[in-house]
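Hi,

Here is the structure I said I would pass on to you. Have a look at it first, and then read my notes below.

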Amino acid sequence: MNRFKSIVLAVAAALVATAYAVPAPTTSAASASLSIVPNKKYTIEPGRTVNDKLTIRNLDAEQPLELTLRVVDFTFTDDGGTPKLLLDENEPQTTWSLKPYLNVPQTVSVPPRESQTVDMSVAMPQGIGGGSYYSAIVYSSGAPDGGNVGLSASGVTLAFVQVPGDVKEDLKLEKFGAYQQASGDNAGGYKYFNTNAPKSLAFTLKNSGNVVEAPVGSISLKHMFGREQIINDVNPNGSLALIGQSRTFVSCIKLKEQEVDFEGQQTQTKTCDDSGLWPGYYSAKLNLFYGQNGNRTQEINSDASFWYLPVWFILVLLALLSVVAFFIWRLVNKVQGKFGGPKVKKKSSRRR
């Protein structure tokens, strides 16, 4: 019996040893003909003005680019990072709108394969309250009086301004755990029981303050047998939780960086690689910090857990349990036969 236990333990250890072996690509905001800077960020005190430049590149080798520029408000579409542009001219102004303070030219012309730099300015009025203000600069080949954005050449620059002063900072953790990103017909989401090795962990934060927040921190992931991994930067791209948004931040367990060709230029991308997790039970600890400059840094801590049991591991485990059950049955029969007791008969299955 001791020999059999040793064999079973050795097989299980070999299986576990055999099983051992995070965010999204980043590119400039561009359509088929247009390349622009995806965002602008400023810290401006009340009563001050910041002058800046917008650089627009025409990627078309033959046709000039005739663009119309508009400033519109935006909010969020879901718990991800895709903004919802409020393009309707009659759309009510948001409480965080930068439209009254952001000045850009109405039109710009860019020759083929050239760049054009235009002036822009942000003027925050005296007496404006502290907090975050943001809007979007929309570039389109359509008419300046609104309507649909031209698909042949369109893009967006998101503009954020942080006004120092008394602000309300309030991030609340809504969820934390293993996360399967959407793929094909499979919807993404948090999963406690996983048959495929999770590539990422995630946490969802609700922003009930009046400033956008970019949390920083780390995650500690520990296997039931003690193997530990640390994700040192849970928000490497500085992604933001907008005002009123419940934002899900996805962190790769194992990050892969590679270069891709984008319009003739080499761009660095980051994706979640195979995590190489062992089958078994995992516990995770989240340690987050957030806070604007000049305000008290606040901390969020949480624990989570999940199982990773691939189908092949479950089948092998069931096979091992069947072998153990068979040997136990044989042993019981042998012991009872030795002491003269009735033998335990194996039940026969009947077809119905």
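Predicted model: local features only at pLDDT ≥ 70, side-chain atom pairs only at ≥ 80, totals over all residues.

Of the 352 residues in the chain, 39% are buried. As for the fold, you'll find 2 helices and 22 strands.

Let's go through two of the sheets.

Inside it, S12 (residues 171–180) and S15 (residues 200–207) run antiparallel and are joined by 8 bridges.

Where does the parallel part come in? S14 pairs with S22 (residues 298–308) in the parallel sense, over 2 bridges, and Asn194 has Tyr308 in S22 as its bridge partner. By contrast, S16 (residues 216–223) and S21 (residues 280–290) run antiparallel, with 8 bridges between them; there, Gly217 stands opposite Leu288 in S21. S16 also runs antiparallel to S17, joined by 4 bridges, and Leu221 sits opposite Gln229 in S17. S16 and S17 make a hairpin with 4 residues between them, and Gly226 in that turn has a positive phi of about 105 degrees.

When you look along these strands, remember that side chains in a regular strand alternate between the two faces of the sheet.

Now for the charged residues. Side chains of opposite charge can pair when their charged atoms come close. The count for this chain is 6 salt bridges. Three of them are worth a look:

- Asp52 and Lys40 meet through their side chains, at 3.3 Å from N to O. Asp52 is in S4 (residues 49–58) and Lys40 in S3 (residues 39–43), so this pair ties together parts that are 12 residues apart in sequence. Asp52 is partly exposed at 24% relative accessible area, while Lys40 counts as buried because its value is 15% and the cut-off for buried is under 20%.
- Lys199 pairs with Asp274, with the closest N and O atoms 3.6 Å apart. This one links distant parts of the chain: Lys199 is in the loop between S14 and S15, Asp274 in the loop between S20 (265–272) and S21, and they are 75 residues apart. Lys199 is partly exposed, at 37% relative accessibility.
- Asp303 pairs with Lys285, and their closest N and O atoms are 3.2 Å apart. Asp303 belongs to S22 and Lys285 to S21, 18 residues apart. Both Asp303 and Lys285 are exposed.

What does its side chain reach? The side chain of Arg70 gets to the backbone oxygen of Leu87, at 2.9 Å.

Cheers

Key:
Residues numbered from 1 in each chain as written. Heavy atoms only, no water. Pairing = 2+ DSSP bridges. Buried < 20%, exposed > 50% of the residue type's maximum accessible area, 1.4 Å probe, protein only. Polar contact = N/O pair within 3.5 Å; in protein donor to acceptor, adjacent residues only side chain to side chain. Salt bridge = Lys/Arg side-chain N within 4 Å of Asp/Glu carboxyl O.
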